[in-house]
Amino acid sequence: MKDFLLNVTRYPRYLIAFGLGVANSVLAPLAARGRNPVTAVALIGAAISGMLSLVLVLRAMVIPTPVA
């Protein structure tokens with residue numbers, strides 16, 4: 001049972017490490033490109049657009065409207 005609990009405690013650490021690694025590999029090139037003002041504005045616009053799309057899709061999935 002001790003080995004089982006040890007293995008179960010490793011998964012959250014692995015998930016956090018994996019998530020931080022992916023975020024680092026995605027955000028590092030974007031931060032380097034963000035020094036150009038035109039590119040920085042485009043990146044901010046793309047991030048806002050992506051978040052808005054995600055919110056609208058999730059809202060449509062969670063709060064269905066009746067079809068008349």
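Biologist: Which helix is V26 found in?

Modeller: V26 sits in α1, residues 2-33; helices here are DSSP runs of H or I, at least four residues, numbered from the N terminus. Bear in mind that this is a predicted model, where local features need pLDDT of at least 70, side-chain atom pairs count only at pLDDT 80 or more, and totals for chains, interfaces and linings use all residues. Numbering runs from 1 along each chain as its sequence is written, and side-chain values use heavy atoms, with hydrogens and water left out.

Biologist: Is V26 buried, partly exposed or exposed?

Modeller: Partly exposed, because its relative accessible area is 44% (buried is under 20%, exposed over 50%, partly exposed in between, with a 1.4 Å probe and protein chains only).

Biologist: And what about a kink in α1, where does that lie?

Modeller: At L27, shortly before the proline P29, and the kink is about 25 degrees. That bend is the angle between axes fitted to the seven residues ending there and the seven starting there.

Biologist: Switching topic: how many helices and strands are there in the protein?

Modeller: 2 helices and 0 strands. The radius of gyration is 20 Å, well over the 11 Å from the globule rule for 68 residues, so the protein is more spread out than a compact globule. That radius is taken over C-alpha atoms, and the rule is 2.2 Å times the number of residues to the power 0.38.

Biologist: What box do the C-alpha atoms fill?

Modeller: Roughly 55 × 50 × 5 Å, along the principal axes. Buried residues make up 1% of the 68.
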